[in-house]
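This briefing sets out the domains, the cores, the chain contact and the backbone features of the structure shown below.

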Amino acid sequence: MTNGDIGAGKKRLAMEKPALWRPDSHLSTTVRDMPPSGIRKFFDIVVGMEDVISLGVGEPDFPTPWHIREACIYSLEGGHTSYTSNKGLIELREILAESAKEDLGLDYDPEEEVLITTGVSEAVDLAFRATLNPGDEVIVPQPCYVAYVPDVLLAGGVPRPVATRLSEEFKLRPEDFRDEINDRTKALVLSYPNNPTGAVMTREDLEEIADLVAEKDLLVISDEVYDKLTYDGKHTSFAQLEGMQERTVLLNGLSKSCAMTGWRVGYALGDPAIVGAMTKVHQYTMLCAPTMAQVAAIEALRRGEAEVMAMKREYDRRRRLFISELERLGLPCFEPKGAFYAFPSIVGTGLSSEEFAEQLLKEQKVAAVPGNAFGESGEGFIRCSYATSREEILEAVDRIERFLADLAA
Amino acid sequence: MRDLAKEILEVLEENARATPGEIATLVGLSEEEVGGEIKRLEDAGVIRKYMTMINWEKIDDGYVYAIVELKVSLHRDKGYDAIAERISRFSEVQSVRLISGDHDISFTVRGKSMKDVAFFVTEKIATLEGVESTCTHFVLKSYKEHGVILYDRAQPKRLVVTA
């Protein structure tokens with residue numbers, strides 16, 4: 001190698017200066033600008049903390065009933081590990097169609113109107129992607145589950161959050177969103193029983209919404225994953241209302257009712273055109289829901305009824321316990337009628353939701369989720385899950401009591 | 001329609017120490033209503049006893065347990081009840097059941113030693129009128145009693161915060 005060679009090399013470098021690698025510039029702007037979920041921060045604080053009592057978990061504390069796990073193990077032993085059809089196992093779709101008939105009185109064709117998805121989360125994403133054109137608007141009543149707004153954005157849509165109110169027990173009222181509807185409004189999201197508030201919508205409540213939906217020709221994406229956890233009376237699906245079945249993409253899953261969160265199995269029921277469009281996206285992204293989870297779901301739906309009811313009764317007891325304890329502490333909270341969350345107001349403490357949740361975690365090691373993680377209208381509240389043992393609930397309440405006393409001192 | 005008795009009993013079955021006040025909160029009744037219902041259930045013999053579920057193996061109580069199955073021949077004027085009730089009176093006997101299948105009656109017995117149990121069965125039970133044969137199974141280890149799992153196994157942890 002000569003000096004001349006080195007010089008030539010230097011020259012080459014100077015001439016073709018490679019662009020500085022900035023991964024940010026290679027990101028989708030939609031994803032880059034999307035704020036991380038409001039609960040992410042709590043993960044970071046909680047890491048390394050011992051003896052934390054969690055009211056922050058959006059899943060049952062029960063393990064999946066053994067007969068369901070056992071059925072899955074048996075099918076694995078039998079070698080059932082291949083893909084299923086894109087739509088999911090026909091046996092499972094037939095059972096779901098049967099139970100829609102039995103529980104809701106609705107007819108769905110298992111061939112064309114039922115799609116098995118990888119959790120309800122995927123079904124939500126598919127519903128938006130299958131129906132939204134760029135710029136289409138979606139009404140999203142809040143507080144609500146954290147995924148709807150980002151999923152609308154990812155589908156190229158424009159989310160229009162609307163606030164529900166404590167004074168209405170967080171039920172959606174037509175006046176809450178009538179003025180938000182315009183020419184671009186395509187769909188309305190409903191999620192009752194509601195995470196995080198525990199609100200439910202009765203048939204009468206839903207009928208008021210249905211009138212406006214029909215008038216404005218909206219599609220309704222109804223996430224009813226907590227339907228089995230309705231404590232006073234029976235759950236009404238939006239699809240049951242007159243003329244609403246064809247307008248509704250009914251989403252549900254086994255995560256909450258059968259304690260099967262980690263299995264990732266959900267489903268969509270709806271008009272064949274929409275379910276067919278969802279199936280296309282599903283086919284090119286997920287291919288099919290996990291086979292073993294689908295097998296487990298069949299067992300859960302066939303023989304899980306008694307356990308579902310037993311778990312529901314226990315949640316109901318915890319609900320009463322927790323609400324009466326909140327009352328004792330003087331934290332205002334309406335009585336949740338579904339799901340497994342209480343949504344007390346913490347406005348009286350003078351703290352914001354995030355300050356309250358963060359200080360509660362740091363000082364008393366109780367994890368709860370700040371209400372604003374579920375939309376701006378959740379500010380002033382914290383979400384407490386009572387899907388935890390009664391002993392833990394009572395211990396958490398003691399700690400919250402100490403926390404409130406320290407604040408007042 | 002709610003079955004309040006059943007709801008109260010479910011709480012008590014799981015925790016005999018639950019007070020009427022605690023039960024009242026859990027099922028959404030007043031303390032007086034719960035107290036009254038419990039009294040009624042006690043009087044009616046639905047609630048027989050408030051017990052503690054003990055895993056005796058943990059403290060090595062020194063007892064041995066056996067399940068004994070009996071074949072019984074019946075006499076015209078004496079049904080299974082007569083012999084089952086007679087067996088029930090022995091304090092060594094912990095549970096007695098009429099069963100279907102190859103045998104007629106199954107009972108569990110507790111003794112200080114295998115020999116002790118074996119003698120009890122041969123002397124007190126096998127000799128009863130109507131007992132045709134006995135089959136004694138000594139319990140080696142108990143995994144679950146009264147719906148409660150007795151072996152210790154760590155539960156997988158859930159995430160602390162999820163949406």
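How far apart do the C-alpha centres of domain 1 of chain B and domain 2 of chain B lie? The separation of these two centres is 34 Å. The model is a predicted one, in which local features need pLDDT of at least 70, side-chain atom pairs count only at pLDDT 80 or more, and totals for chains, interfaces and linings use all residues. Residues are numbered from 1 along each chain as its sequence is written, while chains are lettered from A and ligands numbered from 1 in the order in which they are written.

**Domains**

- Chain B is assigned domain 1 (4-43) and domain 2 (56-145); domain bounds come from an automatic or database domain assignment.
- In chain A, domain 1 comprises 40-58 + 306-408 and domain 2 comprises 66-303.
- The C-alpha centres of domain 1 and domain 2 of chain A are 26 Å apart, and their contact takes 26 residues from domain 1 and 26 residues from domain 2. Two residues are in contact if their C-beta atoms, placed from the backbone, lie within 7 Å.
- On the side of domain 1 of chain A that touches domain 2 of chain A, the elements giving two or more residues are H12 and strand E9 (341-342) of chain A. Helices (H or I, at least four residues) and strands (E, at least two) are DSSP runs, numbered from the N terminus.
- H12(A) gives the most to that side, with six residues.
- By class, the residues on that side of domain 1 of chain A are 13 nonpolar, seven polar and six charged. Ala, Val, Leu, Ile, Met, Phe, Trp, Tyr, Cys and Pro count as nonpolar, Asp, Glu, Lys and Arg as charged, and the others, Gly among them, as polar.
- UniProt, in an unreviewed entry, places the feature "domain: Aminotransferase class I/classII large" at residues 51-400 of chain A; such annotations may be inferred rather than shown by experiment, and their positions are given in the numbering used here, with feature names shortened.
- Residues 51-400 of chain A are 40% helix and 14% strand, and the end C-alpha atoms of this span lie 15 Å apart.

- The largest nonpolar core has 118 residues, and Ala127(A), Val220(A), Ala268(A) and Ala296(A) have the most contacts inside it. Such a core is a set of buried Ala, Val, Leu, Ile, Met, Phe, Trp, Tyr and Cys residues joined through C-beta atoms within 7 Å.
- Because domain 1 and domain 2 of chain A both give residues to this core, it lies between them.
- Another core, of 13 residues, lies apart from it and includes Val68(B), Ile83(B), Val117(B) and Val121(B).
- Leaving aside neighbours within four places in sequence, the contacts of Ala268(A) include Leu115(A), Thr117(A), Ala127(A) and Met278(A).
- From strand E2 (residues 114-117) of chain A, Val114(A) and Ile116(A) point one way and Leu115(A) and Thr117(A) the other way, and all are buried. A residue is buried if 20 or more other C-beta atoms lie within 10 Å of its own, exposed if 12 or fewer, and partly exposed in between, with C-beta atoms placed from the backbone.
- Strand E8 (residues 266-269) of chain A pairs with E2(A) in the antiparallel sense over four bridges; two strands pair if DSSP finds at least two bridges between them.
- Leu269(A) in E8(A) is the bridge partner of Val114(A).

**Contact between the chains**

- The contact joins 21 residues of chain A to eleven residues of chain B.
- Helix H3 (40-46) and helix H12 (305-329) of chain A are the elements that give two or more residues to the side of chain A that touches chain B.
- The largest share of that side, five residues, comes from H12(A).
- That side of chain A has eleven nonpolar, five polar and five charged residues.
- Arg40(A) is found in helix H3 of chain A and counts as partly exposed because it has 13 C-beta neighbours inside 10 Å.

**Backbone features**

- Most residues other than glycine have a negative phi, and most peptide bonds are trans.
- A cis peptide bond with omega of about 0° joins Gln142(A) and Pro143(A); Pro143(A) is in the loop between strand E3 (137-142) and helix H7 (148-154) of chain A.
- The bond from Asn195(A) to Pro196(A) is also cis, with omega near 20°.
- Asp217(A) has a positive phi, near 55°, and is exposed, with 10 other C-beta atoms within 10 Å.
- Asp60(B) has a positive phi of about 50° and counts as exposed, with 7 C-beta neighbours inside 10 Å.
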